[in-house]
Amino acid sequence: MRLQNLTVIFIIIILPVILLFSMYTKTQIDVLSLQETYTATLNVAVYDAVKAFKTNTLNDLTSKSAQSMIRDVNASINTFASSLALGFGVDGQNQDYIMQYIPALVYTLYDGYYIYSPVINQTTGEYEHILKPYIYYTVRYQRGNIDVVINYTLDNYLTVYGNIGSEYVTKAGYLESLDLLTVNGDNVVYDGITITDSEAKEYYKNAYNFTQWVTDELGEITEGDAKPIGDWDQESYSQFAGHTQQILNFENAENNPREDNSIFNSHRKGIIKLSIQNNLNAAMASYSRNSSYNFRMPVLQDTEWDQILSNISVIGFMQGIPMGLKVYNGYSYVVNTMNKEMVTENTVCFTDANGKIHKYDCPQMVESGIIGHKQYLFEKIQVERTEEVNGSYETTREWTYRTQSDYQNPTTGTYEPFDYGNYELCYYCMVSNNYEPVITNTRRKLLLETVAREKYRLYNKSNELNI
Amino acid sequence: MGDTLITIIAIFLAATLMFVFPLMSVSERTDDITQLNIQTLTTQFVDNIRTTGKFTEANYGTFIERLAATGNAYDVELEFKIQDSNPGRKPAAGTSTTKIGENLYYSEYTSQILEETRNNNGVKNLKEGDIVSVKVKNTNKTISEMLRNFFYSLSGDDTYQIAASHSGVVMSTGR
């Protein structure tokens, strides 16, 4: 055969191969970039949901009562749905089209969580998204004559109810390490620091009594005693079987409820994670029963759980959207660090004599006239004002800062007007967030007292029940 | 004599057609796949910063390692736009307080960011509202570029074959 023929044959063979290969690669690239677009859209939608939730709860004086919370969560879900629809270019009536790919949306709140997922409507036989009843982070412990249910929260607050021997108990309170905290009459010392603020003192006294009670009565409970509330998820709790660490013994110096890695906290996180996983799995599995796509809960990484379980957050799942060679399966979570549902060392800030807002360990903070605050109070709020102008009423809306006419200065005890708008964020800590921390005993005391005071003032559902 | 010349030309053409073109095509596909790979890596890297609010040396190191694993050398440009919410805080008398979103940003670039991170135990915290953007470009010549330069060459500083970028607003304040 002549060389020319050979070349032609070779080209005839190799050309389609190259064409096919390049087409395949191109499709793959398209699929992947589509996947990225979807993930970005989901991210944005979840972020919008968190943003809406934040705005609503911060501007709502009653946001911690259950009814009000449901309203805020529903508003946030609406934002999520419209943001997602907008991202996909389907709007208005077609919003439902995109929602069918959302097997679940989870709101992890302070003492429990909401799951928003589709359930079958018995009358129409079609799936509808509903907000499922609030689920508390609960677990049951049975040991000897103890049979109690414990409600965990995202921090060191705990509610206990159930039988200890023949006595039925309901108690709630904050836990503190008995190794670090000593209360002697009116004398409160935490980790070598004497607490002087009256409300902080009350917090520590209550916490001391409660922790003492928990340690005395429930101290012998081990991880292995954990049982589900119902019968249906027995199996998943078997992972705790045989664990003999005492979770509620706070005389143990290793078990500091403020430390992230303490026995109490790792168990608490384990329980919350298990509860969310079980309920989410159930929600997704029931949705996939009647659908062509098999909705499954993706495996979230440990670092992600860690973030989710220490903050109020929203997790959105999106699955089943066909895209070329693959089917989309993704999730996104956004944590909300600015809220009034919980107080942590990170959600309080300090104003100093220079009119700047600082973190407690900022090197630029002047150590005089320091007052501790909850950080969200420095956010702008929208106010509506109705005034009579020439005989008719006019409503104006504006964004402004909070002011308080009778603010009690915790350091001096006097009442004075306080304008949150008069303070500027410190460039070193609040704006750029990078600084060499300066930690002195005065500052630690300030932090301990502010966190304790704000926790004492915080509204908890169980305060209302007087338990 | 004439036949020999034709044969030599034919061999030359055949070699070009049979080796160089398939090679070019395959190497371009390789670049496409690399492109895809680094786009995914960049997106993941940026989204991780956005959701955690943290830029860590460890994550940056992993990112660079993964980029290097594609067999090319890259130039990574980081830019963080830090939101400065102070100018809007104290409205001057007479100005409207109804405006929101009039924030200013100041930018930090790769070397500043890396230096700050090193000085701060390998972590740089960002806050909600800051903007992260990362650009990645290849700096070496890939095989497909070399082959292409054989036929026609592009000149200039900004000739890169593989590039990826991603940016977004930080969604939670890093601690």
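Visitor: What makes up chain A in terms of helices and strands?

Guide: In this predicted model, chain A has 10 helices and 21 strands. Its C-alpha atoms fill a box of roughly 105 × 70 × 55 Å along the principal axes.

Visitor: How is chain A divided into domains?

Guide: There are domain 1 (3-126 + 301-316), domain 2 (136-270) and domain 3 (348-464). The C-alpha centres of domain 2 of chain A and domain 3 of chain A are 31 Å apart.

Visitor: How do you know that domain 2 and domain 3 of chain A touch, and which residues do it?

Guide: Contact here asks for C-beta atoms within 7 Å, and 13 residues from domain 2 of chain A and 13 residues from domain 3 of chain A take part. On the domain 2 side, strand E6 (157-164), strand E7 (167-174), strand E10 (193-195) and helix H4 (198-218) of chain A each supply at least two residues. H4(A) gives the largest share, five residues. By class, that side has nine nonpolar, one polar and three charged residues.

Visitor: Why is Leu425(A) called buried?

Guide: The cut-off is 20 or more other C-beta atoms within 10 Å. Leu425(A) has 20 C-beta neighbours inside 10 Å, so Leu425(A) counts as buried. Leu425(A) lies in strand E21 of chain A.

Visitor: What share of chain A counts as buried?

Guide: That label applies to 36% of the 467 residues of chain A.

Visitor: What makes a group of residues a nonpolar core, and which residues have the most contacts inside the largest one?

Guide: Members must be buried residues of the nonpolar kinds, joined through C-beta atoms within 7 Å. The largest such core has 126 residues, and those with the most contacts inside it are Val46(A), Ala49(A), Ala104(A), Val106(A), Tyr204(A) and Val314(A). H1(A) gives the largest share of this core, 10 residues. As background, nonpolar side chains tend to be buried together in soluble globular proteins.

Visitor: Which residues is Ala49(A) in contact with, leaving aside neighbours within four places in sequence?

Guide: They are Ser76(A), Ile77(A), Thr79(A), Phe80(A) and Val314(A). For chain A as a whole, counting contacts with a separation of 6 or more, 60% join residues 24 or more positions apart.

Visitor: Why are H1(B) and H2(B) called roughly antiparallel?

Guide: Helix H1 (residues 2-52) of chain B and helix H2 (residues 57-68) of chain B pack at about 175 degrees, with axes 10 Å apart. H1(B) and H2(B) are therefore roughly antiparallel to each other. Ile38(B), Leu41(B), Phe45(B) and Asn48(B) of H1(B) make the contact with Asn59(B), Phe63(B), Arg66(B) and Leu67(B) of H2(B). By class, five residues of this contact are nonpolar, two polar and one charged.

Visitor: How many residues does each chain give to the contact of chain A with chain B?

Guide: Chain A gives 33 residues and chain B gives 36 residues. On the chain A side, helix H1 (3-58), strand E13 (326-336), strand E18 (392-400) and strand E21 (424-425) of chain A give two or more residues. H1(A) supplies the largest share, 16 residues.

Visitor: What classes of residue are found on the side of chain A that touches chain B?

Guide: That side has 15 nonpolar, 14 polar and four charged residues.

Notes. Residues are numbered from 1 along each chain as its sequence is written. Chains are lettered from A and ligands numbered from 1 in the order in which they are written. This is a predicted model: local features need pLDDT of at least 70, side-chain atom pairs count only at pLDDT 80 or more; totals for chains, interfaces and linings use all residues. Domain bounds come from an automatic or database domain assignment. Two residues are in contact if their C-beta atoms, placed from the backbone, lie within 7 Å. Helices (H or I, at least four residues) and strands (E, at least two) are DSSP runs, numbered from the N terminus. Ala, Val, Leu, Ile, Met, Phe, Trp, Tyr, Cys and Pro count as nonpolar, Asp, Glu, Lys and Arg as charged, and the others, Gly among them, as polar. A residue is buried if 20 or more other C-beta atoms lie within 10 Å of its own, exposed if 12 or fewer, and partly exposed in between; C-beta atoms are placed from the backbone. Axes are lines fitted to C-alpha atoms, for helices over the stretch in contact, and angles run from 0 to 180 degrees between N-to-C directions. Angles under 35 degrees count as roughly parallel, over 145 as roughly antiparallel, 65 to 115 as roughly perpendicular and the rest as oblique.
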